[in-house]
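Here is a friendly briefing to read beside the model. Have the viewer open and follow along, topic by topic.

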Amino acid sequence: MAIPTEPIGSIPRPPALIEAARAFESGRISQAELHSHYESAVQDTVARLEATGSSVVTDGEQGKDSFVTYPIHGLGNIATNGTPILFADGHVRQFPRLTKGPFGYRTPADVYLDTAQRYAHVPVKQAIASPSALSFLYPQEGIRGYSREEYFDDLLSEQEGEIRRCLEKGAHAVQIDFTEGRLSIRFDPTRRLLSSFIDLNNLLLERFSAEQRKRMGIHTCAGADRGSAHSEGVDYAALLPSLFELKVGNFYVQLASEPDREHALKTIRKFMKADHRIFVGVINVLDPRVETPEEVRDRILQAAKYIPLDQLGTTDDCGFAPFSDDTSRSRETAFAKIRARVAGTRLAARVLGME
Ligand SMILES: [Zn+2]
């Protein structure tokens, strides 16, 4: 038995693709030209992920505008001045805002899965946006003729369809990105907001069978954009009891960058359930230094003291570029770090007598 290891999702885009996306937005190149840049970026990303020894790959989110805005990018009823997200280094990402109903997806994630599967020789995992992240899209003041309830109905049916198609098309796993979970505690220390996020996300998850939910997971992190996080100081003890109420089988937990990993692991141990698999983050995506396989091994051995071996997996702390224009890390660094994760996970399995 090996220790399962999976990426989170995003890989920095090649400069040529970033430039092509800008050129397309300003009308300088055609959709077909942009598409050919996108196809070659996915092909290269999948090949290089496979070359790291990964037995599960992603498309590197090469075609996503961001991990959360991909389904709505290019819609006519979206404005750019929604909720701001402040990162530790002072930079801000502005969430978009819905201007009128009805709401529908423009590009669901299974479209990206199709492309990646054409190039991959191993299973492909697909990340999707969470209902709670997209709840920010509906403006606080409401929309005339389109209620918040109507919006949530439309949103959940789009997301249900998206997940069903990913599962039917053979995605290795569907991972719901929940970066706003930990962030919500910074916004609202009473955790009422977190509680409402958990309830909303479970409304989606309850639409699937227990068997399907074994192939579904949640990713939690403190954010990663331009080398900076948005909710690093929030204690896992405030998040995890609620997080583990989400009705999925897999949890992808940022851990390598935690200042006190022992505390985080003890908290995981205390609140995880018997049918959960915990993929612990063993690669710090905020740190430009590439970990050695031995460091990764030691992080896993530490985690194995708290998490039963048949419930343990490894991952990266977050995507390497959740926003498409983030060039704070190079593709080379991302692939080198993933290679270290794969090699370190094998080393740990050997020490633990699993191979
Ligand atoms: Zn993340």
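Strand E9 (residues 277–283) and strand E10 run parallel and are joined by five bridges. Two strands count as paired when DSSP finds at least two bridges between them. Helices (H or I, at least four residues) and strands (E, at least two) are DSSP runs, numbered from the N terminus.

Please keep in mind that this is a predicted model: local features need pLDDT of at least 70, side-chain atom pairs count only at pLDDT 80 or more, and totals for chains, interfaces and linings use all residues. Residue numbers start from 1 along each chain as its sequence is written.

**E9, E10 and the helix between them**

- Within this pairing, Gly281 has Thr315 of E10 as its bridge partner, and Val280 has Thr314 of E10.
- From E9 the chain passes through helix H11 (residues 293–304) to reach E10, in a right-handed β-α-β crossover. Right-handed means that, with the strands pointing away from the viewer, the path from the first strand over the helix to the second runs clockwise.
- H11 lies across both E9 and E10, and runs at about 150 degrees to E9. For such angles, axes are lines fitted to C-alpha atoms, for helices over the stretch in contact, and values run from 0 to 180 degrees between N-to-C directions.
- E10 covers residues 312–316, and five of its five residues are buried. A residue is buried if 20 or more other C-beta atoms lie within 10 Å of its own, exposed if 12 or fewer, and partly exposed in between, with C-beta atoms placed from the backbone.
- In a regular strand the side chains alternate between the two faces of the sheet.
- Both faces of E10 are covered, with Leu312, Thr314 and Asp316 buried on one side and Gly313 and Thr315 buried on the other.
- E9 is largely enclosed by the rest of the structure, because seven of its seven residues are buried.

- Six strands make an open sheet with parallel pairing, in the order E5-E6-E7-E8-E9-E10.
- Its edge strands are E5 (126–129) and E10, each of which pairs on one side only.
- From one strand to the next, the twist averages 30 degrees.
- Strands E6 (residues 174–177) and E7 (residues 216–220) run parallel and are joined by four bridges, and Ile176 has Ile218 of E7 as its bridge partner.
- Four bridges also link strand E8 (residues 250–253) to E9, again in parallel, with Tyr252 standing opposite Phe279 in E9.
- A right-handed β-α-β unit is made by E8, H10 and E9.

**A helix pair: H6 and H7**

- The axes of helix H6 (residues 179–187) and helix H7 (residues 192–205) come within 7 Å and cross at roughly 150 degrees.
- That angle makes H6 roughly antiparallel to H7, where under 35 degrees counts as roughly parallel, over 145 as roughly antiparallel, 65 to 115 as roughly perpendicular and the rest as oblique.
- Glu180, Gly181, Ser184, Ile185 and Phe187 of H6 make the contact with Leu193, Leu194 and Phe197 of H7. Two residues are in contact if their C-beta atoms, placed from the backbone, lie within 7 Å.
- The residues of this contact divide into five nonpolar, two polar and one charged. Here Ala, Val, Leu, Ile, Met, Phe, Trp, Tyr, Cys and Pro count as nonpolar, Asp, Glu, Lys and Arg as charged, and the others, Gly among them, as polar.

**Two buried helix residues**

- Leu265 sits in helix H10 (residues 261–271) and is buried, with 22 other C-beta atoms within 10 Å.
- Not counting residues up to four places away in sequence, Leu265 touches Gln302, Ala303 and Tyr306.
- Pro131 belongs to helix H4 (residues 131–135) and is buried, with 23 other C-beta atoms within 10 Å.
- Leaving aside neighbours within four places in sequence, Pro131 is in contact with Leu155, Leu156, Gln159, Leu200, Asn201 and Leu204.

**Backbone details to check**

- The peptide bond from Gly101 to Pro102 is cis, with omega near -5 degrees; Pro102 lies in the loop between strand E4 (97–98) and helix H3 (110–119).
- Glu61 is not a glycine, yet has a positive phi of about 55 degrees, and it counts as buried with 29 C-beta neighbours inside 10 Å.
- Arg191, in the loop between H6 and H7, has a positive phi of about 70 degrees although it is not a glycine, and is partly exposed, with 16 other C-beta atoms within 10 Å.
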